[in-house]
Each structure stands twice: as C-alpha cells, then as structure tokens.
Amino acid sequence: MALTQSLLVLLLFTIVNAAVGPAAVAHRTPSGSLSDTQESFPNDPLSIIRPVMEVASQENSDSSMGVMQETAHRVLPPPLWNIFFEELPELMFESNYEPEAQAEWEGNALPNFNWLEKLAPYYLPNTTNVSSECRRDVHAISAAIAKGDDWAQRIVDSWGKFSDGLLAGNTMQMGLLDECLMASVNSQDPDAHFRGQYCAFSFSMKPKSRRALEEGYDEEEEEKEEEMGVEVQIPELHVANIKGMLKLALPYNLMATCIPSTCTEEEYMVSLVDQLNKTGLELSMLECQTKDLPTLRYNAADIIMIITLIIMGILVVVGTVADVWIQTSEDQEAAQGPLRYFLVFSFYTNLSKIFRINVKENEEVISCLHGMRVLSMCWVVIAHSYLLSIMNSANKGLITQMVAEHPYFYQIILNGYPSVDTFFVMSGLLVAYNVTKEYQRTSKFNVPLYYIHRFIRLAPPIMLLCGFLAVFPPLFVQGSVSPIMTTKGNMVDNCINYWWRDSFFITNAFIGHKDGQSCLPVCWYTAVDFQLYIVTPLMLLPIVYFRRTRAVVFGSWLLASVIIPMSIIGGRQLPPTNVMDVTQQDAGNSMEYVYTKPWCRASPYLMGLGLGYFLRVVDKEKVQLKWWQAVLGWIAAVATMSAVVFGLKDYNTLTMKPHEYVPAISILYGGLHRLAWGVAVAWMVFACHMGYGGPINSLLGHPIWQPLSRLTYSIFLIALNAQTIYYSYYSRLPLYFTPFYKLMETAGILLISTFGGVLLSLLTESPVLGLEKLLLRKPATTNVKVP
C-alpha cells in the first residue's frame, strides 16, 4: 500500500508543480523591486527566482498557506485540493524529508514548499556542465520569468503540465509543440538568442519499484483502499482501483518541455537522468526537435526511391497522354503497337476501371464477396484504432470501467481477430474458384504461371510502399515524438532495414525474434496467405484429379489444421487466442507460435478452398434448399459467429489481471474457433450465391461496394502505418477514448487510406496486371469438365 501511496503522491506532486510552478510565477507580475535579481548568472538558475518566491511568500505571511499553496487553491479543482492538502496530509509528508516542514505542519500550518525548485530541473537543463550559450539562455529564461516577459511566458505556456484527469490515466502531458517551435528569442534584457526546442520524454519505474507494483494485493490493502474510496464500484470488476490504474497508466507517459535550441539533447538528458534518479525513476525515451524538419539524406535508398518514382511518373505521363490521344483520334492501330506497353500505365483508363460499377448480373461473379471484403476491412481498421490508441488516451484509466459497462460492444473490438479469418476464407475460395476454372478451360495446371501471378500481384505494392515509408515520412510528419520514427525499431528504420521481409513474404518467420520488426506489420498476413498459396496445389489438385478420394484428402487437411494449433496451445499452455488479460510473455508466445503461423491459420483457408471448388463444379440448378433449411443454416451461422466473437468476454476485461489458464477452454477454442468461423462465412457465401441470402445478399452484393472492394488490398497495406503515424508520431495532444471519437478517427483513416490506395493501385497493381496480360497470354480455350 505504501508504494501505491508513494506513486499517487508523485503524480499529485507533479500536478501541483505543473499547475502552480513556473507558469504561475510567469503569469503573476512581481513588484518592480524584484527585477533587480539578475546581476550575475550562477550555475543554479533557480537562484534568480528564489528571491521572488521569498518576497511573495512574505507578502502572504498573514495567511496560513504560502503563495504556491494559495495559487494552487485557486487553480486546482476543490476536490483535488482537498485530497492533496487535507485528506492525505500524511502522504505529503511521506515524500517530504525536511524536519522543518514536518514541524510546521504539526503546528497546524501548511508547509511552504518551494514548488519551482522541485519542478524546474525537469523542464530546463542544469547549467553546471553545458555550453556557455546554453547556460546564458537558460539563465535568461529564468530571469525573464521573474520579470514577467511575454516571450518567457509563452515558453512556459508551451510546457507540458499535468492538468485534469490524472487519476483517469491522463499521463500524456505533451504541452504545445507549435507554440514552442515558433518561439524565436533575440533579447538584450536579459541577453538571450535562441529558438524554441521541443523535447518530449517518458520515464519508467526502476525494476525494484516495478516488481513491487506488479505484486498482488492482500486483504488489508484492499480494505484500506476501500476506506479511501478509490475502488470503482462496477459489478464483477476486480482490479479497477488505484493500483490497477497505475499499472495501466504509468508505463505509458509523456512529458514535454521547451528548452533553448542552444542546448543539446545530450546536455538536457544528463540533468534529466540525474533528476529522475533522485525520485526512483529512469528515463526511457527522450526526443528533441526544432522547427526545421529533416531533409533528404541522399543515400542509396533515397536515390533509388527517387529514381523509381521519376521513372514511374514518366511512364504514367506517357501512358496517360497516349491513351487520351488514342481515345480522341480513335486510332486503334496505334493501340496495338508498341504504345500498348505504355497504355497499361494510363491513369485515364486505370482510374475508370477502379471506379467502374457493373450492375449486370453474372453467374460467374460471387457478388457478395465485394461487401464482405469492404466490411471486413472496416472491422480491421476500427479494431486497430481502438487498440493502438488505448495507451495514448487521456482517460485510459477509465477504459476498464467502460469495458465493464459495455462488455459485448467492446468484445467486438477486442476480439476482432475473426475479421482476418474472413479474408483467409475469401482468399482460399478465389484461388480454388480460379484454378478450377483454369483447369476446366485448359485441362492443365500451369505451375510457373500460378506462382508468378501471385507474386507480381502482391509484391509490387509492398515494395513501393516500403520505399516510400523509408524515405519520405520524416519530411512531412512533425509531432510530439516524431523524431523517434527514424530510431532503431521504429517505422523508417524498419523500412530501410527490413523491407525485404515484407516484399518476399517471410515477415511471420521473424515474429518473436529479437529483431523481429518489419516495415509493414500487417504483412504477417500476406506472408501467411502466400505460404498457404504455395502449398495449395498439394491440397487442391488431389481433390480436382481424384474424385473418389477427395473427401478423404480434404478431411485430412482439415483435421490437421485443427489438431496442430490444439497441440501447440496445449503444449505451451497458451491462451485460447489473442486476448487482453494475459501476461506479456503469453501474449508474445501466442502471436509467435499460433497467430502468425500458416499451419495454425489454415482452417478458414481450407474452408474457402472447399467452397470455391464446390461452387465451380456443382450444378446450381440441382442445389435446392427448403425454406426452413435455409433459415436453420442462417441461424446456425449467426449463432456460431456470436459464440466465436463473444465467447471469450471474460478474457478481455482490461483489468490488468491475467486470466487463469484453463486447458479445456484454451485447447478447444484455440483449435476450433477459426474452423467454426470459416464454416459460418462459407455458409454465408454459399447461401448468397445460391439465392438464399435474401436482404443480406442484397446488402453484401450491392454494386456500390465494387470500387472499394478493388482497393481493399492497398487500403490494408496503408491503413495500419497511417494509424501508427497518427496515434504515435504525429500526435500533439492526448486523445480521448470514446466510441464516437474512435468512429470519427477511423473514418478519417479510411478516407486517407483510400486516397493512398487509389494512388498505390494506379502506380503498381493496375500496370502490373496489364503487363501480365500482355506478356503472359493465356492459351486457347479447351473446355474440360471437372468431376
């Protein structure tokens, strides 16, 4: 309990410090006699302000509280003031080691703490071991604060200061980036010549304190916390109290300041590390930036990317101009000549293909897949929006309570992983559907073309996007921690060093390793999909060629896809799937050994393969279902999907209390839920395509979905990195976590990703498919009936 109180006091001290420290002094106009305190510049900049504090304190000597307490009483909300200065005075003195202050309190007078002295070392570099310019400007800021100069007030105003909602998890105090960066000081009184330099840092507890915080409660601690009224009164909510909130909020913090540009990041780091060490904390991140954004490095990667974009731009311009000229002149002979290799790059034709809407019914087209693809993509993006923004939110300490009040709604988000299995079903379905069609047409299976088509269909957009992210984001992204994107383990660095993992579909092989990063994290999916695609002939061709044994072959593959994940989950005692209430180690092991491995994700893909083959060879007229059979099928599908999504509600409470390992639930759910979801999705596709979809087929098969459906692959590649830039690198203020805000953010991300998807598709997907048709012409048609 002592540790909980100490951490609470640390945060509360920070609140008061930030609210009534330099900002309060800067906005109070001292008397004229106080401006004569800048005769020299000693190493300690606070010596300039101490006389101001002392005189101000004397001016308020008739009161029982000092000037800082008086200001705090006006600035802080009354409930927080009462908690800090009246209800928990003993906590205040547990953090105060000065005997004089303790004696003053015992004499029924509030102690006159020098809040500014405690606070300033966090915001300004110590001037002991810094350059002369840095020392000059730090002292100038201190003197200007004492004088009430406008430029100093603006600098202090840009500092991050704890305000509302600390106990709700508001630990992201980002200050105001633009106000700091726009500061340009050229003053003679006091002498100061610098520009604003914005520095953001985060801290963490030292291992000993961290272990103590992670220990469980005893009954005495819980009783004390209940007496203090800190427990959230929500039924079945086990750890929603101060310690639980701190465990969730404290590791994800950010504090920002504005220091002179004449001080280096290293100089500020030295004093900051020393100050944090005194309070039992350690620096975990520090990034400083000025108004000037980085420029191109012009290294090999930059040059290659620039040349690539120039060449692609030339091809697009030539192809578009030639296309418009041919369309205008109606010169079809020119369209069949050498120009045809440039026409595939035409924005004019390719853009019309993307947004073309075909309203004619075609039995060859499984129209419901368009709507399923788009809605599944939206589900993925909105789930990422929730999960990526939890720790950066200003109210993350309340999210546990929000989940407890609306468990089923949040379960759709926290357990949105079946949306990916829907894509596996559709992928397997289309592969089988097209391969079977090709065999019917040619009586052959072209192995080289099979693999070449897949690679050139998927790889070019990944390569181009990786190149773009490796070079250009630092040139236009500027946020509170944007410089970190170029450091090791972050986006730009990952794209420079690990682009080949995504481009050659081996991303999932490195997940869980020490250097397991990738440029496009979502490419674990494309890797799994491509690896399943590689072995698809082994699973599909025996079904196509051998009629008598196809049921046995398909059943064997399906059984293996269930037994393998069951064995891994049971052998390693892993959670049933990706859930929130597990230890970090279990979450990592589940991702490494189950979630990103093709042999554990094969069930829905196999269901798609089986359905695609069935829809191609079955006589639609012979498949007749009675109305009650169709209704029963839909009820079973909806019930199955609901069980998969909501069945692990108790594993996603966000209480920071790991769920107990239950072998039966983990093994059965982990091995069967993807197969169950695949069966339900396969039924939906079958029912809609065969005429038993009713209003669901009218919705999913509506032509309006077609343009977005063609862009889902490009959107899928772009969206997660766009969200990472928005929530992490570009973020300037804490975000508030509510469903409405998440909906609006998701809509914006989808809009931006769609624009980017159109451009990516026009530059890569459409031209590559056009070149494939020109260079790899299909042989003459020969109809072969597949049994």
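Select Tyr386 and Phe737 to begin: both are buried, a term that stands for under 20% relative accessible area, with exposed over 50% and partly exposed in between (1.4 Å probe, protein chains only). This is a predicted model, in which local features need pLDDT of at least 70 and side-chain atom pairs count only at pLDDT 80 or more, while totals for chains, interfaces and linings use all residues. Residues are numbered from 1 along each chain as its sequence is written, and side-chain values use heavy atoms, without hydrogens and water.

Next, show the rings of Phe445 and Tyr450, an aromatic pair that is tilted, at 5.1 Å centre to centre and 55° between the planes; rings of Phe, Tyr and Trp (its six-membered ring) pair if their centres lie within 6.5 Å, and planes under 30 degrees apart count as stacked, over 60 as edge-to-face and the rest as tilted. Tyr450 is buried, with a relative accessible area of 6%.

Finally, select Val685 and display its surroundings: apart from neighbours within four places in sequence, Val685 is in contact (heavy atoms within 4.5 Å) with residues including Ile366, Met372, Leu429 and Leu615.
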